[in-house]
Amino acid sequence: SLSDLEQAFQAKIDAEQKIEPKDWMPAKYRSNLVRQVSQHAHSEVIGMQPEGNWITRAPSLRRKAVLLAKVQDEAGHGLYLYSATETLGTSRAKLIEALQTGKAKYASIFNYPTQTWGDIGAIGWLVDGAAICNQVSLQRTSYGPYARSMIRICKEESFHQRQGYQIMIELAKGTPAQKAMAQDSLNRFYWPSLMMFGPHDSDSAHSAQSMKWKIKRETNDDLRQKFIDQTVPQIEYLGLEHPDKDLKWNEERGHYDSGEIDWDEFTSVINGNGHCNRQRISHHVAAHEEGSWVREAQNAYNKKMKARRAS
Ligand code: 3HC
């Protein structure tokens, strides 16, 4: 049976009370959060690479400025989430080491290459759209620092999603070549966007416990269904073909039935064998090493300030 401490903890969770850094928590609650929040942060930071790839090649100055702002936002989201993870007693250096050695994961979608400008539209529209479904739900997560970071992040994500969809509108309503580019990006990013919600609930290692502790407020399949339903009219408005040939409205469910995701692809990508996994990590290692002088300078400065205050 649960210990008194664990019973008191579960009573707080059931009463919708936020768990704060100084509160007692089961070791597994702590480790589950370090895992999820740090991987959320890794996803934001690695996600800067596919998008950053198009900053120098954006089709107009306005598009370049908007994309630059979005990529900077992702960096900020990452730092916010690393800070939330550190409140659980783990160091940034340890988290970065886990990412760089492949011990930790990041969202599989970012291992796909961004081959055309249409991909930047599809990422904003579909990837940030999926992230919004997931993150709006996580605003109610039981761990205080994580919930508060989600509230801040959700405000910026809606801009990301709108700017992506606007790119898709311009392409889909443009020349036949532009419409074909939009269709190609939709075809290549639709299914990997569905994978962002994780495996089916029946195959999810963490969902049951994460729902009990209200780390998760809705299951992988429920959030995925919400995303599938909301995307259908958006595809129709663009006048594009839906990539899921088995999609069908199910009256009694009140949702769309959809075709099956390629879970072999999902597994191979999250185990490091996607198109760009090695490139994403080697880029991160190079940038991290290039920036080590900034960390050393900051540490030297902090030490000097501390010595001055102490004297
Ligand atoms: N990519 C990589 N790994 C994934 C994954 C995906 N799309 N979906 C699931 N996994 C991993 C899980 O991390 C877990 O592995 P682990 O035990 O080594 O961590 C395993 O697959 C089993 O999945 P579970 O469903 O059991 O895991 P979770 O309960 O953690 O659910 C999740 C997975 C829904 C992704 C959940 O972790 C979550 O909600 N995370 C926060 C959301 C997030 O990370 N979103 C990325 C957004 S970043 C982004 O989109 C930037 C954008 O703004 C550009």
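Me: Which residues does Tyr 29 touch, not counting residues up to four places away in sequence?
Reply: The model is predicted, and contact here means heavy atoms within 4.5 Å. With residues up to four places away in sequence left out, Tyr 29 touches Phe 9, Ile 13, Ile 19, Ser 142, Tyr 143, Trp 213 and Ile 215.

Me: Within what arc do the buried residues of α5 fall, seen down its axis?
Reply: Helix α5 spans residues 92-100, and its buried residues are Leu 95, Ile 96, Ala 98 and Leu 99. They line one face of the helix, because the arc within which they fall, seen down the axis of α5, is 160°.

Me: Which exposed residues does α5 carry on the face turned away from its buried side?
Reply: What covers the buried residues of α5 includes α2 (27-46), α4 (61-86) and α12 (277-290). The face turned away from that buried side carries the exposed residues Ala 93 and Lys 94.

Me: What is the mean pLDDT of the protein chain?
Reply: The model scores ipTM 0.97 and pTM 0.96. In the protein chain, 100% of the residues reach a pLDDT of 70 or more. The mean pLDDT of the chain is 97.

Key. Residues numbered from 1 in each chain as written. Predicted model: local features only at pLDDT ≥ 70, side-chain atom pairs only at ≥ 80, totals over all residues. Heavy atoms only, no water. pLDDT = per-residue confidence, 0-100. Buried < 20%, exposed > 50% of the residue type's maximum accessible area, 1.4 Å probe, protein only. Helix = DSSP H or I, 4+ residues; strand = E, 2+ residues; numbered from the N terminus. Arc of directions from axis to C-beta.
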